[in-house]
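I open the notebook on a new entry.

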Amino acid sequence: MSVLDAEILVIGGGMAGVAAALSAVEAGRRVALVKRAPGATSMSTGAFDLAPHPRGWHLAKPDRDPTQLECLEALVRASPGHPYALIGRANEAEYLQEAFSFVLEKLEAGGLPHANFDPRDPGHHAVTSTGRLRRAASSQASHVLRDFNPDRARIGVVRLARCLGGLTGPPPMGGNVIEVDWPSSKNAPFLLPADIGKLLDEEGESRRFVEIVVAACKGRGFSHIVLPPVLGVFRTREILNELEEATRAVCCEALGGEASLPGIRLENALRRSLERAGVTVETGRTLDGAEVLERRGGPVVLASGRFIGGGVARRQGSMTETVFGLPIHDGESYLDDQPAEMLSCRSYRGPHSLFRAGLRVDDLLRPLDMGNRPLHETFFAAGSVIGGYDPHVDGCGLGVAVVTGYRAGRLAAGLEAS
Ligand SMILES: Cc1cc2nc3c(=O)[nH]c(=O)nc-3n(C[C@H](O)[C@H](O)[C@H](O)COP(=O)(O)OP(=O)(O)OC[C@H]3O[C@@H](n4cnc5c(N)ncnc54)[C@H](O)[C@@H]3O)c2cc1C
């Protein structure tokens, strides 16, 4: 049977598409998901960000960090075209909790435990790939800087010789750098975190690695040891446990940088969650809108991403959605045939229309035509194919994917109404 004949069809296999497929299958529907290739989800750092600190997590030194919900409310006030603003329910703590808990439980069942999410707390501490301290709404359990008290912590940061994309920059909170020469120089001269992760999935290699790190940290009195994000694709928890037992310190990985190993882990766990849930998956296929329109009457969730996923592109001088050729909007206006250089700004936090480019949707996540009418009652969009927000500057990439994906799947299954 063709995937096009499934009760619910999801186009796109990133975080948004998988969340949609899982929530629809949970409602007892027969779901198929078509995925051309890994998208932005597989490159992400491992942190799930819901909303940014109103003054920037890195810059702010408040007495009290705001809660995730307060950050989201500030984002919605400043950005009325944001998907969270359109979906009233995305502002409700209970709904956020429900959507995140659903997705994080599925990831844990797929072998990748994550930190608990609670919109009423500020999120947990993590260390970025450049060594900065920041908050995340959730992240893979191995990234959580547990029991962290800035006044008492004594941080050791492990740097691996020849690891490209490992921890760079000065260590957080005046910590100490520990240089570790592993793997030995007879291996390739430079390795990416993903290559090291694959090596560490072998038990013998990880045992040697733990011994070398323990020897380098011995007698230094560290309360916390931060490692580059290289601790295996599949054996992360075991390696971390061995390190904690041997060093008697809280150990964690930094978030992913380039060639993100946490992104690869997330991709694997999403695949396993789909398998466990019984979603029919077809990978390596690029769905064409004409084919879908010709063959289908039932609900469709479009979760094809943006420029990295391939859901939005510039074709023949115009910005367009690539599967159905829908018009592109930045939350304020349609972008039509404006040249790309007119859509970006010179300052990092300035209004880059280009990075807010996507579909315009209503509160039921239905893409709208230029006359503001939904294109179809059972055609929904989820994740970064929706416009009106910048996943990076607005610090909400995976947050939007989780909330809109979860909601789109439930809407497609007929479980939610406005
Ligand atoms: C380097 C980097 C770091 C990031 N770090 C963070 C972070 O720290 N925190 C955070 O919250 N967010 C982060 N993000 C943002 C976040 O990863 C994205 O916003 C989110 O993953 C988008 O998910 P998505 O499912 O909408 O799109 P994608 O993950 O891009 O998935 C789109 C999917 O659609 C498929 N597709 C497209 N067209 C078709 C077609 N015609 N037929 C079939 N399939 C198709 C693609 O192959 C892909 O599988 C980061 C992103 C990047 C690139």
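**Overall fold**

I began with burial: 51% of the 418 residues in the protein are buried. I note that this is a predicted model.

Next I looked up the secondary structure. I find ten helices and 15 strands. The radius of gyration is 22 Å, close to the 22 Å from the globule rule for 418 residues, so the protein is as compact as a globular protein of that length. I also took the extents of the C-alpha trace along the principal axes, which are about 70 × 50 × 40 Å.

**Domains**

I looked up the domain assignment. Domain 1 is made of 3-116 + 262-412, and domain 2 covers 129-254. Their centres, over C-alpha atoms, lie 31 Å apart. In the contact between them I find 20 residues from domain 1 and 14 residues from domain 2.

Which elements supply at least two residues of the side of domain 1 that touches domain 2? They are E3, helix H4 (93-109) and helix H8 (261-277). H8 gives the most to that side, with four residues. By class, I read eleven nonpolar, six polar and three charged residues on this side of domain 1.

**Core**

I went on to the largest nonpolar core, which has 117 residues. Ala-20, Ala-21 and Val-402 have the most contacts inside this core. Domain 1 and domain 2 both give residues to the core, so it lies between them.

Leaving aside neighbours within four places in sequence, Ala-21 is in contact with Val-10, Val-31, Leu-33, Leu-274, Val-279 and Gly-409.

**Ligand shell**

I listed the residues around the ligand and got 37. Gly-14, Gly-39, Gly-309, Gly-383 and Gly-397 come nearest. The elements that give two or more residues to this shell are helix H1 (15-26), strand E2 (31-35), strand E3 (47-48) and helix H10 (397-412). H10 gives the most, with four residues. I sorted the shell by class: 16 nonpolar, 18 polar and three charged residues.

I cross-checked E3. This strand is among the contributors to the ligand shell, and E3 also supplies at least two residues of the side of domain 1 that touches domain 2.

**Two loop residues**

Is Gln-140 buried or exposed? I placed this residue first, in the loop between strand E6 (138-139) and strand E7 (155-160). Gln-140 has 29 other C-beta atoms within 10 Å, so I count this residue as buried. Beyond neighbours within four places in sequence, its contacts are Gly-46, Leu-112, His-114, Pro-262 and Arg-265.

Lys-218 came next. I find Lys-218 in the loop between helix H6 (203-217) and strand E9 (224-227). Lys-218 has 9 C-beta neighbours inside 10 Å, so this residue counts as exposed. From Lys-218 to Gly-110, 108 residues apart along the chain, I read a C-alpha separation of 35 Å.

Note on methods:
Residues are numbered from 1 along each chain as its sequence is written. This is a predicted model: local features need pLDDT of at least 70, side-chain atom pairs count only at pLDDT 80 or more; totals for chains, interfaces and linings use all residues. A residue is near a molecule or strand if its C-beta atom, placed from the backbone, lies within 6 Å of it. Ala, Val, Leu, Ile, Met, Phe, Trp, Tyr, Cys and Pro count as nonpolar, Asp, Glu, Lys and Arg as charged, and the others, Gly among them, as polar. The radius of gyration is taken over C-alpha atoms; the globule rule is 2.2 Å times the number of residues to the power 0.38. A residue is buried if 20 or more other C-beta atoms lie within 10 Å of its own, exposed if 12 or fewer, and partly exposed in between; C-beta atoms are placed from the backbone. Domain bounds come from an automatic or database domain assignment. Two residues are in contact if their C-beta atoms, placed from the backbone, lie within 7 Å. A nonpolar core is a set of buried Ala, Val, Leu, Ile, Met, Phe, Trp, Tyr and Cys residues joined through C-beta atoms within 7 Å.
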